[in-house]
Amino acid sequence: MKSIINYSAALLLSIILMGCCEQKETEEISQEMAKTVIDLRKVESIYEDIKVEYAKLRPKVIMPAEGYLKYPYLIPAGFYKQMWDWDGFFMGNHFISQNQPEYMKYWALNLIEGVDEEGYVSGCATTKGPRPIFGKFSMKPFLSQGVFLASQKMDDFKWVEEHYEALMKVLEYRDQTQFDTVYGLYYWDNAMQSGADNNPAMNYFWKEDHRSFLSCDASTFSLREIEAQALIAKKLGHDEDAEMLKAKAQKLKKAINEQLWCDEDKMFYNIDRETGDFYKRVSYSCFVPLLHKIPSKENGRAMIEKYLISEDHMKAAYGFRTLSKQDPDYNNKNIIVPFSNWQGPVWPIANYIYSVGLKHYGFENELVWQAQTLGQLMLTDLKEWGSLHENYHADTGAPLAPSSDHVDKDGKFVGFISWNLCVENMLAGVVDAQWMLLEIDK
């Protein structure tokens, strides 16, 4: 309740300070305060219900050690049975928030097992071994972050020492395969590699379109990875590596702000590596730099106000979209094969990432609205289907993928339970000031 009490008190104080204002203005502020308090009470009720329901869902994503996977592992329960890179990272952080950091540690150890001599590690693993996808498809830059966040919560970095060289090798491999030395930024070969499968802000029909893009999300996640590894190095006494990585991170952050930021539009855009031009598509990936407080306070607030909380772009009735409503490719189609739809639908994981940015840049009212909206969306879905979905129609709230014909042997809808667990963390932040901000700074 700490967050609610502080927020209501701040509103009340603002009314007192408005004593010199006209009576009409004061009445309007009083009405706004009453409306906010009612909303906050509703958020608290939703949070209590979510805690009960999510306690039932969490065990469904945990699988016991089996075969190649030597440690208990996290799966997106229902539609998928594999262990994935960023699904596991965000689920692992949710478990950290539940005082169970061992699951993030297990996730990391299972992935480290697959690091080869070059530093390649697959973004997916099964009980039979690493699963290369679309060729040599390396995992997204989350491994060092996961190791750092788990170790920080456990207050134990000793276990990392024997894996330190493997972690460094993974960073080196990424530099060799996804770092553009001309721009000093990172890129995905295609949208599928990013996880935002058909993101129009980069190519996704890789067989017909061979462009690659210097990417807001690839560069931000890589920055976080480098900073996490620098802190791991410092904790383990590898001081030279720590200083080298720290300097590298500073250069990367500078490059993101100087090259991916379009001051005219007040927006981060991806860049076509061949032409050097901004690829001006307002999508989920444009907002990822907010997760790590990369833009200045002024620029961060400007892009949020102009795009994220604008109903003309990202804000919809049921959450924040993954693609601007103004984009010609905007849609809410129910697709999951050949790839899931990031061209408009509300994704709980995208909304969680947005929420961290909203918190960093001081958008408290929008956080209350978002927590209430997403929380209610999850409860409605659970009531109707007994499970959750990957994404939802932004304008109607209708659950999309996986579709209703994805059932188990008993004919029961299998659903999707994964990073949508992070909706509980959004509510915990608003109601109890227990934010999960994924900060890499200690």
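Biologist: Is N332 buried or exposed?
Modeller: N332 counts as buried because its relative accessible area is 13%, and the cut-off for buried is under 20%.

Biologist: What does the side chain of N332 reach?
Modeller: The side chain of N332 reaches the backbone nitrogen of A394 at 2.9 Å. The N332 side chain also has a polar contact with the side chain of Y330, at 3.1 Å.

Biologist: And which residues is N332 in contact with, leaving aside its neighbours within four places in sequence?
Modeller: Those are N341, G344, P345, Y392, H393, A394, D395 and L400.

Biologist: New topic: what volume does the largest pocket have?
Modeller: About 610 Å³. The pocket is lined by 21 residues, and I96, S97, K153, W435 and M436 are the closest to its centre. By class, that lining has 9 nonpolar, 7 polar and 5 charged residues.

Biologist: Which helices each supply at least two residues of that lining?
Modeller: α3 (85-97), α5 (143-154) and α13 (423-432) do.

Biologist: Last one: where does pLDDT stay under 50?
Modeller: Over residues 9-26, where the model has 12 contacts beyond four places in sequence. Where pLDDT is low, the predicted coordinates should not be read in detail. Across the protein chain, pLDDT averages 91, and 90% of the residues score at least 70.

Notes: Residues are numbered from 1 along each chain as its sequence is written. This is a predicted model: local features need pLDDT of at least 70, side-chain atom pairs count only at pLDDT 80 or more; totals for chains, interfaces and linings use all residues. Side-chain values use heavy atoms; hydrogens and water are left out. Buried means under 20% relative accessible area, exposed over 50%, partly exposed in between (1.4 Å probe, protein chains only). A polar contact is a pair of N or O atoms within 3.5 Å; within protein, one must be able to donate a hydrogen and the other to accept it, and residues adjacent in sequence count only if both atoms are side-chain atoms. Contact means heavy atoms within 4.5 Å. pLDDT is the predictor's confidence in each residue, from 0 to 100. On a 1 Å grid over the protein atoms alone, a cavity is a set of points where a 1.4 Å probe fits but cannot get out, and a pocket is an open set with protein on both sides within 12 Å along at least five of seven lines; lining residues have an atom within 4 Å of a point. Grid points are joined across faces, edges and corners, and a volume is the space filled by probe spheres set on the points. Helices (H or I, at least four residues) and strands (E, at least two) are DSSP runs, numbered from the N terminus. Ala, Val, Leu, Ile, Met, Phe, Trp, Tyr, Cys and Pro count as nonpolar, Asp, Glu, Lys and Arg as charged, and the others, Gly among them, as polar.
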